[in-house]
Amino acid sequence: MSGTIELAPGMMLWPGRLDADAQRQLLRDVLERVAQAPFYRPTMPRTGTPFSVEMTNFGPFGWVSDRNGYRYQKHHPVTDAQWPAMPELLLNLWGETTAYRAPPEACLVNLYRSDARMGLHQDMDEDAPDAPVLSVSLGDNALYRFGGTTKRGGPTKSVKLESGDVLMFGGPARFIYHGVDRIQAGSSTLVPGGGRINLTLRRVTAA
Ligand code: SIN
Ligand code: MN
């Protein structure tokens, strides 16, 4: 662990919060669950355009997107099974970092192969605006963009997120715009087949 960086009011970065052993442990936990709840490629509301990112979820709720819109649901859209339980390591990390009074209810798992990216957006589909969002990076570096809470066109900044980094945004930053401009392919050998896995923990219902 190498301290805390306040990127913006309410937005905290802990570079290298997970050491190499913890990253490997978490990756094992993730891949074990992905065997039950495989990555799939979501599509955009209305247009049905496929995402460049592949997704799955852990926990009681999962975030999904398809032609009908964005929503949380309790089952995998392809297998129809309940999402696997959240890894203990992530539940503990949520407790240590957020100090929120209730556990997270969704862990969105994003897989970025080399050409994947994610456009600027706000996390707005939850009924718990008082709970922060916690985000963990594994594998290749990401060039992450953030800034502004009221309009998409405002000034933004970029920061490099590396494997083991943990980011939290809450309070005045809870609705900050954020996205991933690109992945630095080959910057890590952690993820089999290459790429980056991002785990985003959220409270979905009012606590
Ligand atoms: C997201 O906002 O869903 C993902 C952000 C990231 O991959 O770091
Ligand atoms: Mn997001």
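Which residues are the protein donors of the manganese ion (ligand 2)? I found His121 (NE2), Asp123 (OD) and His178 (NE2), lying 2.1 to 2.2 Å from the ion. Donors here are N, O and S atoms within 2.8 Å of the metal (3.2 Å for Na, K and Ca), and water is not among the atoms, so sites may look incomplete.

Housekeeping: this is a predicted model, where local features need pLDDT of at least 70 and side-chain atom pairs count only at pLDDT 80 or more, while totals for chains, interfaces and linings use all residues. Residues are numbered from 1 along each chain as its sequence is written, chains are lettered from A and ligands numbered from 1 in the order in which they are written, and side-chain values use heavy atoms, with hydrogens and water left out.

Back to the metal. I wrote the donor spacing along the chain as H-x1-D-x54-H. Histidine 121 sits in strand S7 (residues 118-121) and histidine 178 in strand S12 (residues 178-184), so the pair ties together parts that are 57 residues apart in sequence. Helices (H or I, at least four residues) and strands (E, at least two) are DSSP runs, numbered from the N terminus. Is histidine 178 buried or exposed? I noted it as buried, with a relative accessible area of 6%. Buried means under 20% relative accessible area, exposed over 50%, partly exposed in between (1.4 Å probe, protein chains only).

Next, the cores. A nonpolar core is a set of buried Ala, Val, Leu, Ile, Met, Phe, Trp, Tyr and Cys residues joined through side-chain atoms within 4.5 Å. The largest one has 30 residues, and Ile197 and Leu199 touch the most other members. I counted at least two core residues each from several elements, including helix H2 (88-98) and strand S8 (133-139). H1 gives the most to this core, with 5 residues. A second, separate core has 28 residues, among them Trp63 and Met118.

Last, some backbone angles. Most residues other than glycine have a negative phi. Arginine 46 isn't a glycine, yet its phi is positive, about 65°. I found arginine 46 in the loop between H1 and strand S3 (54-58), and it is exposed, with a relative accessible area of 70%. Aspartate 80 also isn't glycine, and its phi is positive, near 70°. Aspartate 80 is in the loop between strand S5 (69-73) and H2, and it is exposed at 54% relative accessible area.
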